[in-house]
Amino acid sequence: MKEVYQSVGWMKHTNDVIKQVFDASDIKVLVKVNNRIVGLGRAMSDGIFNASIYDIVVHKDFQNKGIAKQIVNHILEQLKEVSCVHIISTTGNEEFYRKQGFRKVKTGMARYLNIELHNEYLE
């Protein structure tokens, strides 16, 4: 899993961090090719009103093969009874999520402790 994150430049995802975030997630998806993890995703939900999808990541060598779409569809199928599903896209991937049925939120807000993320994602 760490190799997948690092292949796209997410270097802060250590083994300990990956274990913590996946242990805390309600839905976990791993995609394997020849027993090698090449894609992953996760989500957290209250099961009724709200859910948030995180870390839709596909190894750089396996991108543009429909794997991310399969991950999102699998997660959404598990959340089909949840009223609202949120996702924050990484810069440049907004159109991918639009094609999956997501739209911008008029009242969405966030807080980032990391100044670089603050500057990239907040108005």
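The legends below describe close-up views of a predicted model.

Residues are numbered from 1 along each chain as its sequence is written, and side-chain values use heavy atoms, with hydrogens and water left out. In this predicted model, local features need pLDDT of at least 70 and side-chain atom pairs count only at pLDDT 80 or more, while totals for chains, interfaces and linings use all residues.

**View 1. The largest nonpolar core holds 20 residues.**
A nonpolar core is a set of buried Ala, Val, Leu, Ile, Met, Phe, Trp, Tyr and Cys residues joined through side-chain atoms within 4.5 Å. Buried means under 20% relative accessible area, exposed over 50%, and partly exposed in between (1.4 Å probe, protein chains only). I53, I56, I67, I71, I75 and L79 touch the most other members of this core. At least two core residues come from each of β1 (27-33), β2 (36-45), β3 (50-58) and α3 (67-78). Helices (H or I, at least four residues) and strands (E, at least two) are DSSP runs, numbered from the N terminus. The helix α3 gives the most to the core, with five residues.

**View 2. I53 and its contacts.**
Contact means heavy atoms within 4.5 Å. Which residues does I53 touch, not counting residues up to four places away in sequence? They are R42, A43, I75, L76, L79, V85, H86, I87 and F102.

**View 3. Helix α3 and its buried residues.**
This helix has 12 residues. From its first C-alpha to its last it reaches 17 Å, close to the 16 Å expected at 1.5 Å a residue. The expected span is 1.5 Å times one less than the number of residues in the helix. The buried residues of α3 are I67, A68, I71, V72 and I75. Seen down the axis of α3, they fall within an arc of 135°, so they line one face of the helix. The arc is that of the directions from the helix axis to the C-beta atoms. An α-helix has 3.6 residues a turn, so residues three or four places apart point the same way. What covers the buried residues of α3 includes β1, β2, β3 and α4 (94-99).

**View 4. Helix α2, with buried and exposed residues.**
The buried residues of α2 are I18, V21 and F22. Down the axis of α2, these buried residues fall within an arc of 95°, so they line one face of the helix. They pack against α1, β1, β2 and β3. The face turned away from the buried side of α2 carries the exposed residues D16, K19, Q20 and D23. K19 and D23 also form a salt bridge, their closest N and O atoms being 2.6 Å apart. A salt bridge is a side-chain nitrogen of Lys or Arg within 4 Å of a carboxyl oxygen of Asp or Glu. The two residues are four apart in α2 (residues 15-23), so about one helical turn separates them. D23 has a relative accessible area of 52%.

**View 5**
The structure holds five salt bridges. One of them joins R36 and E3, with the closest N and O atoms 2.8 Å apart. R36 is partly exposed at 30% relative accessibility. E3 is partly exposed too, at 45%. Another salt bridge joins D55 and R42 (3.1 Å, N to O). Are D55 and R42 buried or exposed? Both are buried.

**View 6. Aromatic pairs.**
The structure holds four aromatic pairs. Rings of Phe, Tyr and Trp (its six-membered ring) pair if their centres lie within 6.5 Å; planes under 30 degrees apart count as stacked, over 60 as edge-to-face and the rest as tilted. The ring centres of Y97 and F102 are 6.3 Å apart and the planes stand at 85°, so this pair is edge-to-face. Y97 is buried at 9% relative accessibility. F102 is buried as well, at 13%. Ring pairs link F96, Y97 and F102 into a cluster.
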